[in-house]
Every structure is written in C-alpha cells, then in structure tokens.
Amino acid sequence: LPPAVFPLSCVVQNYSWGKVGLESEVAKLLASGDPLVQIQPDQPYAELWMGTHPRGDALIRDNRIPQKTLGQWIADNPACLGAKVKDTFQGHLPFLFKVLSVNTALSVQAHPNKELAAKLHTQFPEHYPDANHKPEMAIALTPFEGMCGFRPVEEIVSFLQNVPELRALIGEVAAEQLERSGSDDPRGVSAALRVCFTRLMKSEKKFFVDQLNMLVKRISQEAAEGKDTSGSNGELLLRLHSQYPGDIGCFTIYFLNLVRLEPGEAMFLGANEPHAYLHGDCVEVMACSDNTVRAGLTPKFIDVLTLCEMLNYTPAPSSSKILPAAQSQLDPHVYLYDPPVPDFTIMRIEIPASIKLYLISAMDSASILLVIRGTAVGTSTAAASEMSLHRGSVLFVSANESISLHLSSPDGMLLFRACCLL
C-alpha cells in the first residue's frame, strides 16, 4: 500500500503586511521545519498555507509517492478524506490550514455566504474567483489583535459624541437616528447602523481625507500634551494612520470591536462579519475559498457597495467573538475548537513532558498536523518509515490512520490538528 501518512513542505506567501525575517512565526516555523531554508532578514513572511489550494498546493516530502503535491494525491486517492467528507465536499479537502504573522493591519473585509459568493463569482469572476463561502477561525500563537463585528451601540454613540470628525462624515441625521434607536428594537438598531456605516464608507474622498487629517492632528496634539485620548480611540487611530495614511479604513475603529486574544484563545468569523486582523501570530483555518470583499486599509480592489450591503449589522460585545476551546471527553490532552460550520474543526494537542508515548488517534476525516513545540519520532502503519517530528513539521494524516509519538523533548509538545468533523 502507498503511504497514507506523510510529511509536507508548505507554501509561504510574502504579503507586505507580514512580519519580517525571524520576527515572523511563519519564518521561525519554516526555519525549524527545514534547516536548508534561508530566511531573508528583510523579507515579509506573512502566511504559511497547509492544504491543496491551487495557489499554494503543499508538496509531498516522500520520494516513494509518485504524486508531487497534496492536491494531486487527494485527487488520485479521494478515499483518504474519509467517506462522509469525500461525499459532502465532492472529493476535495474542505479546509485550508494556515499560520499568519501579522505586522501591519490587513484590510477591512468580510467573506460572503454561499448564496452571495455564487452571485459575485458569476458577475465578477476576476475579483471573486470561486463560488464558495469562507468562514474562518483564528487561534492565537502570540498575543493577537483584530477587529471583528460591530461594537455595542452605546460604544459607537460615545465615539460619535467624542469624535466630531467622525460625526461630520456620517452626518447629523444618521448620527441622531443611531442615538435614538432603542435596544428594544434590534431591527431598528441594525438599520440605523447600516445607514451610519454606509455613509462613512461612501463619503467623498477629499472630504474624509480632510477630516482624517484634522482628527490625526488633534489626537497627536492631545497625546503630546499627555492627555487621555481613549475617548477617541487615539492610540489605534494613530497606529493605523501611520500604516495606511489617508485611508477610510482608519475610521472603522469607531464601529468595530477590538478583540485581543491570548495564546490559545480563538475567534470565529462567520459569513458577512466585518473584520481586520491588526497584529500578532495565529493559526487559522478556513473553508477553501478566496472570496474577500474589501473596503479599506488596503491598496487592493475595494468594493464598498457590496460590503455595505452584505454585512451583518448586529452589535455585540467583543467578548462574544471569542470561541472557547472544549477539553475532549476522550483525551484530556486535546482541546477542541468546534465552530458553528461543518467545514472545519481544530484540535490543540498539549502533551506534558511526563508523557513519553502518545497516540494521535484515528478519525473519520483527513487531517493536517502542525508541530509548534517539542520533538518526537512518529510511527504509523500507514507511513513508509519513521518520521522525525519537530517545530515546524507538517504532516498529512489520511482518515482512519493513527500515529504513535515517541516524545524526546524535555518540555512536552504542542500541536494543532485541522480536520473536518461531520
């Protein structure tokens, strides 16, 4: 039988927002995973893609396997996905697993649901390359910051009252409509929020650049005088403005929650949820799609109309965006991040130093395993030979195959495993 468990060599994306050189978790994992890799000290290492996406299909590191990439191998051996996954997702791996190292903010964006994705793909295939939805989940590896979802209305109203430049862009009528909307009428609140956000995003370029410059000047002066600028979200405004001067996205900080994750904490981003990652390193898993509707903090194509139409205008506190991990009933070393979509689940596997032999259990789904910390020798009846596992190692594990880890590190192991639990 051909090997059904094998190591992968994964594709790096050097997007400009990535952390540079060995500051980047992506670069550190690469360097540990393959000692022959040369890390360029001035190059951004933004994303590591572990999966079968056509723009980053992982290479198979096992010369006994004739197929060169994971995508080719799965196409030739679709049973490796597991019976249910194979049938549900038409013989394709349903998720893309990533590591992200974020230095400067990513664009303010949202991902369409399946219905909208199909429509956008038909109308504008050059901007929306496929017809799938793209829910995402991020789990922090280092302290991680992002914006996600609309803030509670009282926070937005407070900014409208403290930031005259914001109020000027939105206009008095829309601002008052939001101030008057009551918590007893959620649809009224959402409608008022939609009007305010759309007016902001569609404001005239020259007008909003003038307002932004006034705001930045005022906050810089207040900060220099030692005043508290938190009522205007001053620190974040100055940071984003230094990264994207004159960008409308700078004003979105007054509408969107700031979510801070500690290592091991996760956030789930459903369809139509506005978000922007700001800083830090995370593992991320998403449905296999490239559909992103952008509206700010970016030099790329922006589609303000589509974004403002599609967003979920339900205000909620930032704490509601954090998805808790549940300790597995079957294995105390496994923590499950199981989001409200069928396409993916992540397991965090933490093996203490006291354990010298650990079984990565079989499941009815293909999975991808990433080693963050620790060393072990892995053996499997489905692998061609022993596998040396260390920081940065990535393994593909076919459905219904298990791996025995013979641990050799004094500080235990930390692994993440992406899979599909139908």
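Predicted model: local features only at pLDDT ≥ 70, side-chain atom pairs only at ≥ 80, totals over all residues.
User: What makes the packing of H9 and H10 oblique?

Analyst: The axes of helix H9 (residues 205–224) and helix H10 (residues 234–243) come within 10 Å and cross at roughly 125 degrees.

User: Which residues make the contact between H9 and H10?

Analyst: H9 contributes Leu212, Asn213, Leu215, Val216, Ile219 and Ser220, while H10 contributes Gly234, Leu237, Leu238 and His241. By class, the contact of H9 with H10 has six nonpolar, four polar and no charged residues. Gly counts as polar by the convention used.

User: Why are H7 and H8 called roughly antiparallel?

Analyst: H7 and helix H8 (residues 186–201) pack at an angle of about 150 degrees, and their axes are 9 Å apart. The term roughly antiparallel applies to angles over 145 degrees. H7 and H8 are therefore roughly antiparallel to each other. The crossing of H7 and H8 is left-handed.

User: Which residues of H7 and H8 meet?

Analyst: On the H7 side these are Ala174, Ala175, Gln177 and Leu178; on the H8 side they are Val189, Ala191, Ala192, Leu193, Val195, Cys196 and Arg199. The contact of H7 with H8 divides into nine nonpolar residues, one polar and one charged.

User: At what angle do the axes of H5 and H7 cross, and what is the handedness?

Analyst: The axes of helix H5 (residues 153–162) and helix H7 (residues 172–180) cross at roughly 140 degrees and come within 10 Å. H5 passes H7 in a left-handed crossing. Val153, Ile156, Val157, Leu160 and Gln161 of H5 meet Ala175, Leu178 and Glu179 of H7. By class, the contact of H5 with H7 has six nonpolar, one polar and one charged residues.

User: How do you know which strands are at the edges of the four-stranded sheet?

Analyst: The open sheet of four strands has the order S19-S24-S21-S22, with antiparallel pairing. Strand S19 (357–360) and strand S22 (387–389) are the edge strands, as each pairs on one side only. From one strand to the next, the twist averages 30 degrees.

User: What makes S21 and S24 a pair?

Analyst: Two strands pair if there are at least two bridges between them. Four bridges join strand S21 (residues 376–379) to strand S24 (residues 403–407), and the two run antiparallel. Because the threshold is at least two bridges, S21 and S24 qualify with four. Thr379 stands opposite Ser404 in S24.

User: What is the order of the eight-stranded sheet, and which strands are its edges?

Analyst: This open sheet of eight strands runs S6-S1-S23-S20-S25-S18-S17-S16, with antiparallel pairing. Its edge strands are strand S6 (59–60) and strand S16 (326–327), each of which pairs on one side only.

User: How do you know that S20 and S25 pair?

Analyst: Strand S20 (residues 367–373) and strand S25 (residues 413–419) pair in the antiparallel sense over five bridges. Arg373 stands opposite Leu414 in S25.

User: What helix and strand content do residues 169–256 and residues 336–376 have?

Analyst: An unreviewed UniProt entry places "domain: Phosphomannose isomerase type I helical insertion" at residues 169–256. In the model this span is 65% helix and 1% strand, and its end C-alpha atoms lie 17 Å apart. For "domain: Phosphomannose isomerase type I C-terminal", the unreviewed UniProt entry lists residues 336–376. That span is 0% helix and 51% strand, with end C-alpha atoms 22 Å apart.

Notes:
Residues numbered from 1 in each chain as written. Heavy atoms only, no water. Axes fitted to C-alpha atoms, helices over the stretch in contact; angles between N-to-C directions. Contact = heavy atoms within 4.5 Å. UniProt positions renumbered as here; feature names shortened; annotations may be inferred. Left-handed = near helix turned anticlockwise from the far one by under 90°. Parallel < 35°, antiparallel > 145°, perpendicular 65-115°, else oblique.
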